[in-house]
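Try each one before reading the solution.

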Amino acid sequence: MKRLLGWHKWLILFGITLALSAAALIAASLYDYKISEYFYLPDNAFSLVGNVLGKWVGFCVMGGAFGVLLTASQTATRVPSALYGHLRSAVYAIAGVLACALGAVDFLETLFSSSLVVYAGAIVLGGVVFAIVYLFERLAIRDINAYKKWALVTVVTIAAMALLTLVFKWIWGRARYEDVIGGAAAFSPWYRLVRVGGDSMPSGHTMMSCAVLLLAPLMWFQRTERKLRVSFLSVGVAMICMVAASRIMAGKHYLSDVAISLFVGLTAVLVSSLVAYGKDLDARRFAQDGFWDRWL
């Protein structure tokens with residue numbers, strides 16, 4: 001019964017957040033342009049921080065998940081072959097570095113204008129971040145296999161978020177507010193698919209920032225104190241709201257863009273957590289010596 005009540009608390013919290021996102025979308029249907037016009041403040045420090053953190057947090061969580069899989073693969077006692085084991089570890093390591101590197105691109109673009117420098121620096125910085133995360137996980141987590149299910153679900157969910165962002169941008173093709181006021185395009189409401197080549201809908205930064213809440217089940221499993229769980233959740237929600245607000249202030253997105261992004265991102269987190277863990281909050285392990293345990 002306690003486990004069910006625990007999930008009910010998470011469901012209630014997610015329900016409130018999704019309801020607020022829906023309310024914001026309704027307001028945006030009427031005042032989308034006016035809200036952007038009122039809050040538009042280009043080149044401010046707040047928007048710069050939101051631009052840096054938005055995608056980086058999500059991709060770093062993904063890198064951490066690959067770090068768990070890498071550590072677990074190196075400690076596995078039963079693998080199909082030694083060659084397969086080495087190849088599997090190499091794939092996890094490369095994927096972890098690339099995930100952290102993708103998150104660093106926006107940060108480096110604020111410092112350098114050369115694409116070559118940006119992407120080369122992203123690989124280097126991604127490698128450093130992943131190495132730190134990997135060493136921490138290897139030293140701090142004793143029973144790494146207990147987190148393999150969390151890691152796999154996290155990788156799949158964040159990859160799905162990134163793919164949905166690209167698909168939605170292609171479907172809508174909505175012009176950004178900064179392009180509209182610059183005379184490069186005309187304003188269009190969120191419910192109209194214009195396909196003018198814009199990429200305002202949805203906000204990838206807002207959607208990817210929701211990935212920080214994928215750590216919530218992990219916090220629960222670690223049996224941490226309630227104050228720590230509440231603090232983590234509060235900081236996570238505040239960070240997501242900060243990223244969403246910063247994108248509106250920067251003129252990159254409208255309120256409707258971030259509202260839909262919040263709705264999709266939070267729903268993805270909720271669904272993935274329920275599919276992975278269901279009602280049993282202790283269902284973290286793969287079947288010992290089973291297909292998943294052996295091949296992943």
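Keep in mind that this is a predicted model.

**Exercise 1.** Find where Asp43 sits, then decide whether it is buried or exposed.

*Solution.* 
- Step 1: Asp43 belongs to the loop that links helix H1 (2-39) with helix H2 (45-74).
- Step 2: Check the backbone there: phi of Asp43 is positive, about 60°, even though the residue is not a glycine.
- Step 3: The relative accessibility of Asp43 is 84%. Exposed means over 50%, so Asp43 counts as exposed.

**Exercise 2.** Work out whether the peptide bond from Met201 to Pro202 is cis or trans, and locate Pro202.

*Solution.* 
- Step 1: Read omega for the Met201 to Pro202 bond; it comes out near -5°, and the bond is cis.
- Step 2: Now place Pro202: you'll find it in the loop between helix H6 (177-181) and helix H7 (204-209).

**Exercise 3.** Describe how helix H5 (residues 148-172) and helix H10 (residues 255-277) pack.

*Solution.* 
- Step 1: The axes of H5 and H10 are 10 Å apart, and the packing angle is about 150°.
- Step 2: Angles over 145 degrees count as roughly antiparallel, so that's the label for H5 and H10.
- Step 3: For handedness, H5 passes H10 in a right-handed crossing.
- Step 4: List the contact residues. H5 brings Lys149, Trp150, Val153, Thr157, Met161, Leu164 and Phe168, while H10 brings Val264, Gly265, Ala268, Val269, Ser272, Ala276 and Tyr277.
- Step 5: Sort the H5 and H10 contact by class: ten nonpolar, three polar and one charged residues.

Technical notes. Residues are numbered from 1 along each chain as its sequence is written. This is a predicted model: local features need pLDDT of at least 70, side-chain atom pairs count only at pLDDT 80 or more; totals for chains, interfaces and linings use all residues. Side-chain values use heavy atoms; hydrogens and water are left out. Helices (H or I, at least four residues) and strands (E, at least two) are DSSP runs, numbered from the N terminus. Buried means under 20% relative accessible area, exposed over 50%, partly exposed in between (1.4 Å probe, protein chains only). Axes are lines fitted to C-alpha atoms, for helices over the stretch in contact, and angles run from 0 to 180 degrees between N-to-C directions. Angles under 35 degrees count as roughly parallel, over 145 as roughly antiparallel, 65 to 115 as roughly perpendicular and the rest as oblique. A crossing is left-handed if the near helix is turned anticlockwise from the far one by less than a right angle, and right-handed if clockwise. Contact means heavy atoms within 4.5 Å. Ala, Val, Leu, Ile, Met, Phe, Trp, Tyr, Cys and Pro count as nonpolar, Asp, Glu, Lys and Arg as charged, and the others, Gly among them, as polar.
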